[in-house]
Every structure is written in structure tokens, then in C-alpha cells.
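Let me put the model up, and then I'll walk you through how it packs.

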Amino acid sequence: MKISASFLSIKDNLKENILVLDQSNIDYLHLDIMDGKFVSNKTWDIETIKKLLTGTNRPKDVHLMVSDVKTYIDDFSTLNPDYITIHFEAVDDIEEMINYIKSKHIKVGLSIKPNTDIVSIIPYLSLIDLVLIMSVEPGKGGQDFIESASSKINILKELRDENNYYHYVIEVDGGINDETINLCRNADIIVVGSYITKSDNYNEQINKLK
Ligand code: DX5
Ligand code: ZN
């Protein structure tokens, strides 16, 4: 199981603490990009992100919680991230956006909010590289894990095991700590924010999860 660390909840010395996080025992840096439209919060634009991430080396896992998906794909593909994940609920033509990200030679993630059923994304499972199951309502860090995410993870694993042409990795995001991680055992990547970044010893928290 890999860890994708979100720095959304880091309050002070953000640039310095992102470097500390980047050098800790994580597999990806998770970028929570919000536009204040798809979700009420607004986070960093691409110019700010480029300054914040100067000196980081971990592969990037971009989570777009935005309405104008194409513009943000253009902006954030310039980081050469490993993944760009878009929300099912934000896009009219899903296949067009999947192909648009693929045209930039970046792996495609599709995310669903807690109230969106797995059935909605079944038509796309053979086209994507990652499914991001939200275990909190997108928009902010430090929320409680929504347990229905666990059954979505398990269903996705079963579907992948039964259909050998499915190659997506299963990622879960929100409210993950040393207890709720036990509900995510079938996930390939867990996104962890505040459980790691609220402490002053990131590796200590990460080791509790590993
Ligand atoms: C919420 C973000 C999550 C969040 C995770 O909209 O997508 O990545 O930052 O943070 P924690 O682990 O604090 O729930
Ligand atoms: Zn996220």
C-alpha cells in the first residue's frame, strides 16, 4: 500500500514543510487543487504551486476539485505529474477528458464523491489508470472518514479481479489515520493529510500507518 501525502492542512511555513514532507517516507505528493466553484474553498494556482514545490522530488498526484477541468489539466500537466485526477461530477464528456489527459502522456484518475455510486463510473473503468474514492466530502482536510468508502474499495477490487482488462489502481482520500486505515486494506494508495501534517514528526506518523 502506498502513501500519497496531502499538504492541504499545513498552516505555517508551508514551503519549508512541503520539503520536509517530500523528504519523508511517502510515495507521492498529493496536490489538492480547488477552484472555489466545484468546492467552496480555493487553493493554489499553478504559479503558486510551482514556487511551493521548488526542490521537491516525489512524483505528483494531482487531485482537481474544479469545474473548468480542461484549463486546470493544461496548467497542471506542466508539472509532469504521475496522475491527474478529475471528478466524475464535474465533467459532461468524461471520455473526452480522459483522452485529453492521456494525450498529454499523463495517467488518468477518476474520482467520485461519497454520494456518487460506483455504478456511475463502470463504463470508464477500462479506460482509466486510477479510481479515487473520496472518503470525505471534497473541500477541506481534517474531516471524519465516511465508512461507505470501504465497500466501494472492496467492490472495485472485486471488479478488477474479475475483469483482467481493468488496470486501475484504487486510491482513497480523506479522514485516514491509524484506525480508519483498517477499512482501506484493499486500496493500493491512501491519501493522508492531517494525520501526518498535524504532527511535528511526519515520519513518526507515517511509520504508524506503514
Ligand atoms: C479533501 C482533499 C483530501 C484531504 C485529505 O478535499 O481531497 O486530500 O486533504 O486530508 P485529511 O487526510 O486531513 O482528510
Ligand atoms: Zn485530495
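When I say two residues touch or are in contact, I mean heavy atoms within 4.5 Å. Take Phe7: leaving aside neighbours within four places in sequence, Phe7 is in contact with Leu14, Ile18, Leu21, Leu29, His30, Leu31, Trp44, Ile49 and Leu53.

Quick housekeeping. This is a predicted model, so local features need pLDDT of at least 70 and side-chain atom pairs count only at pLDDT 80 or more, while totals for chains, interfaces and linings use all residues. Residues are numbered from 1 along each chain as its sequence is written, chains are lettered from A and ligands numbered from 1 in the order in which they are written, and side-chain values use heavy atoms, with hydrogens and water left out.

Two more terms. Buried is under 20% relative accessible area, exposed is over 50%, and partly exposed is in between, with a 1.4 Å probe and protein chains only. A nonpolar core is a set of buried Ala, Val, Leu, Ile, Met, Phe, Trp, Tyr and Cys residues joined through side-chain atoms within 4.5 Å.

So which residues have the most contacts inside the largest nonpolar core? They are Phe7, Leu31, Ile33, Leu64, Phe76 and Ile86, in a core of 67 residues. There's also a second, separate core of seven residues, with Tyr28, Tyr83, Met134 and Ile189 among them.

Leu8 is buried, because its relative accessible area is 17%. Skipping neighbours within four places in sequence, Leu8 has contacts with Asp32, Met34, Thr43, Trp44, Lys140 and Gly141.

On to H1 itself. Its buried residues are Leu14, Asn17, Ile18, Leu21 and Asp22. They sit on the same side of H1, because they cover an arc of only 145 degrees around the axis, the arc being that of the directions from the helix axis to the C-beta atoms. What do the buried residues of H1 pack against? S1, S2, H2, helix H6 (194–197) and helix H7 (202–209).

The buried residues of H3 are Val69, Tyr72, Ile73, Phe76 and Ser77. Their arc is only 120 degrees around the axis, so they are on the same side of H3. These buried residues pack against strand S2 (28–34), helix H2 (46–52), strand S3 (60–65), strand S4 (83–87) and H4.

Let's stay with that H4 partner. H3 (residues 69–77) and H4 (residues 94–102) pack at about 10 degrees, with axes 11 Å apart. The axes are lines fitted to C-alpha atoms, for helices over the stretch in contact, and angles run from 0 to 180 degrees between N-to-C directions. That makes H3 roughly parallel to H4, since angles under 35 degrees get that label, over 145 is roughly antiparallel, 65 to 115 roughly perpendicular and the rest oblique. Val69, Lys70, Ile73 and Asp74 of H3 meet Glu96, Met97, Tyr100 and Ile101 of H4.

H4 also contains Ile94, which counts as buried because its relative accessibility is 3%. Beyond four places in sequence, Ile94 touches Phe88, Leu110 and Tyr124. Next, His105 is in the loop between H4 and strand S5 (107–112). Is His105 buried or exposed? Exposed, because its relative accessibility is 77%. His105 also has a positive phi, near 60 degrees, in a residue other than glycine.

Last stop is Glu158, in helix H5 (residues 148–162). Glu158 is partly exposed, at 47% relative accessible area. Its C-alpha is 9.6 Å from that of Asn186, 28 residues apart along the chain.

That's my tour, over to you.

Definitions and conventions: Helix = DSSP H or I, 4+ residues; strand = E, 2+ residues; numbered from the N terminus.
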